[in-house]
Amino acid sequence: MQSQSNIITTLNAVLTTELTSINQFFLHARMYKNWGFSKLNEHCYKKSIKDMKQADALIERILFLEGLPNLQKLGALSIGEKTEEMLQCDSKFQLTQIEQMKQAIALCEQEKDFVTRELLVEILDYEEEHLDWLETQAYQIQHMGLEKYLQAQL
């Protein structure tokens, strides 16, 4: 099934973001693991795996629409050096990704590609849940203090 080229271009942009997300969250997970923060490691590792599955779904959709998925492009990673900075980098990334998703969904509605729209809505729901988790971590740090927060992550 051939699609509008703007849909394929948009899906490739979303794919680039997902590929970037895989790498950023995987590296953060391994940094947390190295520091002994098993809860943060587990959450970020699961996020990177979920992003990989989302990227796979995007690749399949692009191919179905007779496009060529671009796996060679990768956005800049935003890697923190300390836990609080890492969480802030991830929050900033999520906000950008969520805005991109909303624009992609709007394009799909405009082009009447409701199957692609549904795929993007599913991804958006997950990304918004993850942003909520990140905001919860920031809230806990603010109210518990960084030391107590980090102790809870061991």
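Modeller: Buried means under 20% relative accessible area, exposed means over 50%, and partly exposed lies in between (1.4 Å probe, protein chains only).

Colleague: What makes D51 buried?
Modeller: Its relative accessible area is 0%. That is under 20%, so D51 is buried. This is a predicted model: local features need pLDDT of at least 70, side-chain atom pairs need 80 or more, and totals for chains, interfaces and linings use all residues. Residues are numbered from 1 along each chain as its sequence is written, and side-chain values use heavy atoms, without hydrogens or water.

Colleague: Is K47 buried or exposed?
Modeller: K47 is buried, because its relative accessible area is 0%.

Colleague: Why does E42 count as partly exposed?
Modeller: E42 has 44% relative accessibility. That value falls between 20% and 50%, so E42 is partly exposed.

Colleague: How do you know that K47 forms a salt bridge with D51?
Modeller: The cut-off is a side-chain nitrogen of Lys or Arg within 4 Å of a carboxyl oxygen of Asp or Glu. The closest N and O atoms of K47 and D51 are 2.8 Å apart. The pair therefore qualifies.

Colleague: How are K47 and D51 placed in helix α2?
Modeller: They are four residues apart, which means a separation of about one helical turn. Helices here are DSSP runs (H or I, at least four residues), strands are E runs of at least two, and both are numbered from the N terminus.

Colleague: What makes K46 and E42 a salt bridge?
Modeller: Their side chains meet at 3.0 Å, N to O. K46 and E42 are also four residues apart in helix α2, so about one helical turn separates them.

Colleague: How many salt bridges does the structure hold?
Modeller: Five. One of them joins D113 and R61, with the closest N and O atoms 3.2 Å apart. D113 lies in the loop between α3 (83-111) and α4 (114-144) and R61 in helix α2, so this pair ties together parts 52 residues apart in sequence. Both D113 and R61 are buried. Elsewhere, shared partners link K47, D51 and E127 into one salt-bridge network.

Colleague: Why are α1 and α2 called roughly antiparallel?
Modeller: Two packed helices are described by the angle between their axes and the distance between the axes. Axes are lines fitted to C-alpha atoms, for helices over the stretch in contact, and angles between N-to-C directions run from 0 to 180 degrees. Angles under 35 degrees count as roughly parallel, over 145 as roughly antiparallel, 65 to 115 as roughly perpendicular, and the rest as oblique. Helix α1 (residues 5-35) and helix α2 (residues 38-64) pack at about 160°, with axes 8 Å apart. That is over 145, so the two are roughly antiparallel.

Colleague: Why are α1 and α4 called roughly parallel?
Modeller: Their axes cross at roughly 30° and come within 13 Å. The angle is under 35, so α1 and α4 are roughly parallel.

Colleague: Which residues make the contact of α1 with α4?
Modeller: Contact means heavy atoms within 4.5 Å. α1 brings I7, L11, V14, E18 and F25; α4 brings T116, L120, I123, E127 and H130.

Colleague: Where is S48, and is S48 buried or exposed?
Modeller: S48 sits in helix α2. S48 has a relative accessible area of 2%, so S48 is buried. Neighbours within four places in sequence aside, S48 is in contact with I22, F25 and F26. S48 and S21 are 27 residues apart in sequence but 6.9 Å apart in space, C-alpha to C-alpha.
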